[in-house]
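Me: Please take me through this structure and, for each label you use, set the value against the definition behind it.

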Amino acid sequence: MVESVRGAMRLVCPDEDALALGLNAGMALADARAQEPGLAVFEADPHADQDWLERLCDGCARYTPIAALDGPAGLMLDIGGCAHLWGGEAPLASAVTDRLVRHGMRARHALAGTAEAAHALARYPAAPAPDEDAAIRRLPVEALGLEAESALALRRAGLRHIGDVAARPAAALAARFGKESVDALHRLLGLADRPLRPRRAIAAIMVERRFAEPMGSTAHALAVLAKMAVEAGDQLSERAQGGRRFEAIFFRSDGLAFPLRVETSQPIREPAAIMRLFEERVDSLSDPLDPGFGFDMLRLSVPRSEPLAPSQLALEGGKVPPQDDVAALVDRLSVRAGRHRIQRLTPRDSHIPEQAQLALPAVESRAPASWHRPGDPEDPPLRPLHLFDPPQRIEAIAQVPDGPPHRFRWRRTLHEVTRFEGPERIAPEWWRAADGALEGHGRTRDYYRVEDARGRRYWIFRHGLYGGETVRPDWYLHGLFA
Amino acid sequence: MSDSASPLAALRRTIAALDRGKPRWDSDFFCTGHGGLDTALGGGLARGRVHELVCAEEEAGAGAGMALLLARLATRADDVAPLLWLRLDAASRQGGAPYGPGLAALGIDPGRLLLGTMTDEAMLLQAGLDAVRCPGLGAVMIECRGRHRLLDLTASRRLALAAEASGVTALLLLVGGVPGPSAAETRWQVAAAPSAPLAGDAPGHGAFDLTLLRRRAGPDGMRWRLEWRATEGVFGEWSGGQGGQQQHGREGAALSGAVVSIPAARPAADRAA
């Protein structure tokens, strides 16, 4: 693996054979080639690595809900309370490593009382020791995870192993090597604890199904999911809650996991409604859900829920209120097209036209904002129906540089201005400029409402005050009126 | 005579049985407020039907405005049912994004509007069909741009049936394309018209030229010029024409040259006073 570091190609991740030949990480590629002409070189792709690691981490959620990424090449699983399900810690650890090895990974594992200790034990080879504490004390000082300089300083002070450092008084260590060294030491020795940050927060409601035999068909998996949705719906109604977000994870027998998430604009708990959204989601996947050698576990969780009063069952001929109808449509379209594609407009308090509104996803349900109509009710619309963001550059001709436009050319068409109103002067937000500077915060715009000979109405502006801010003001078209 | 009449009557009965929709005289109408147009259509446009609006690429602003205003009229005045506006990504690029303050100025509450932007035409039509099936919506407006290959008679018939079943009015805006055969109730050509000028020769209220291109039951080919009156929330007769300027009391020529000070509510409104 090579990576370009400051203009030079350097080795990043030599494999064992390369290490045996005397090549090491950080070496220039040219030097390595000189030493070993037949070197097989690949470009490093940290993003793909990260992506793969995240997928592995999702897959490890089958062992414990608390699975976290650990650095660029590590996974951290909190197996407290889970190990007995796999017949103890060692069988669990070997199950995890076996699964990783099947993917062509090389994995080393360690079990320890704290996350830091496990991290260090997995990375630094230590001599066999009777117990965990002794093993940690035999680790080199680099295992503290301090900066290279601090580790070097510790070594120069004659402290080679964690045990040596631990024997010193903490105050002296803190005075000489900084407080971090003491913190790191305490965490390593299990005197202080830092909680793991799992990749996924643990949901309050979680339904799981494990299968004795992997299930090879997506349709069957969805049928099981429907049963789990009923169970989750029951749990939600016991708590008088409804889910706003649902997550279904399909664990494949080869260790990968496919998470599917759906979101709703109103809390729901009807299994049919939940399943409709999941089916929509499955249909909208760009590459379909691939069972591979089969799914061996399904998990349905409700990461976000909100209070939802118990509802009376619809009696015969009972009708769904129309708002629910629209909310269901919004959810379905949002799941199918993407949540940012169904939007609602919200006003924003700004006089800069393009900042006066926000388009927010409609699934983030809020009370519809109240808009006020600008200007006098008798006036024609002073703001356009369509707004271009960014504004479109036009060529305009005015009789005088700071006068109204006479004609303008937009998209290769010449428009004669027959009627106009303006200018409406909109100044930039000078109060936001740093230390009251008058320059560098944009220019004043002079807006005109114009109508061309065929009756089309446009909103155009001159950017910059003639003479003051610019000598040749540019013209832009900002909107179209109805 | 009776030989040929009875199969004909039988056929009629069969067709009536096949036509699952409500009979035409059952559907209700929403009036536009423009006297001539409403009388010609026999009371206004039908609710729960598909209406097509065709406009040229450069008239997209007027077309969308007309479709929105009709969507607003299709829901009852005190109704808060949301209006759904479905469009394509390309529409935002070519014709700009819907702007809340402008909608409010036309008398359409932007809080009621749901906006859907789809990636391709198939998705747009599918979403449109799903939306038209949802009776909680006030009206659905589907904006197609350019050549609409997928919008054929079948797709249009599907929309029409869904609209009849749910009672949701669908407005199909076809921008810059050649409209094909369709099952829509009416088809209109929309273009912007010169507005009746205000004092100081300022552009006035939005005016539209509407041509009835097609109608399922009744004569077509008529032409009207309408003006939107935001205060009353209806269309009206165009107040421009020869005497248009004289209707407004304050008469005066536009000042040439720069105008500097601007009142807060109206840009340079008093310049002509």
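Reply: Chain B has seven helices and 12 strands, where helices (H or I, at least four residues) and strands (E, at least two) are DSSP runs numbered from the N terminus. This is a predicted model, in which local features need pLDDT of at least 70, side-chain atom pairs count only at pLDDT 80 or more, and totals for chains, interfaces and linings use all residues. Residues are numbered from 1 along each chain as its sequence is written, while chains are lettered from A and ligands numbered from 1 in the order in which they are written.

Me: What makes a residue buried, and what percentage of chain B is buried?

Reply: A residue is buried if 20 or more other C-beta atoms, placed from the backbone, lie within 10 Å of its own, exposed if 12 or fewer, and partly exposed in between; by that rule, 47% of the 273 residues in chain B are buried.

Me: How do you know that the span of helix H4 of chain A agrees with its number of residues?

Reply: The expected span is 1.5 Å times one less than the number of residues, so the 14 residues of H4(A) (residues 89–102) should span 20 Å, and the end C-alpha atoms are 20 Å apart, which agrees.

Me: Why are the buried residues of H4(A) said to line one face?

Reply: Leu92(A), Val96(A) and Arg99(A) are buried in H4(A). Seen down the helix axis, the buried residues of H4(A) fall within an arc of 65° (taken from the directions from the axis to the C-beta atoms), so they line one face. On the other side of H4(A), the exposed residues include Ala90(A) and Asp98(A).
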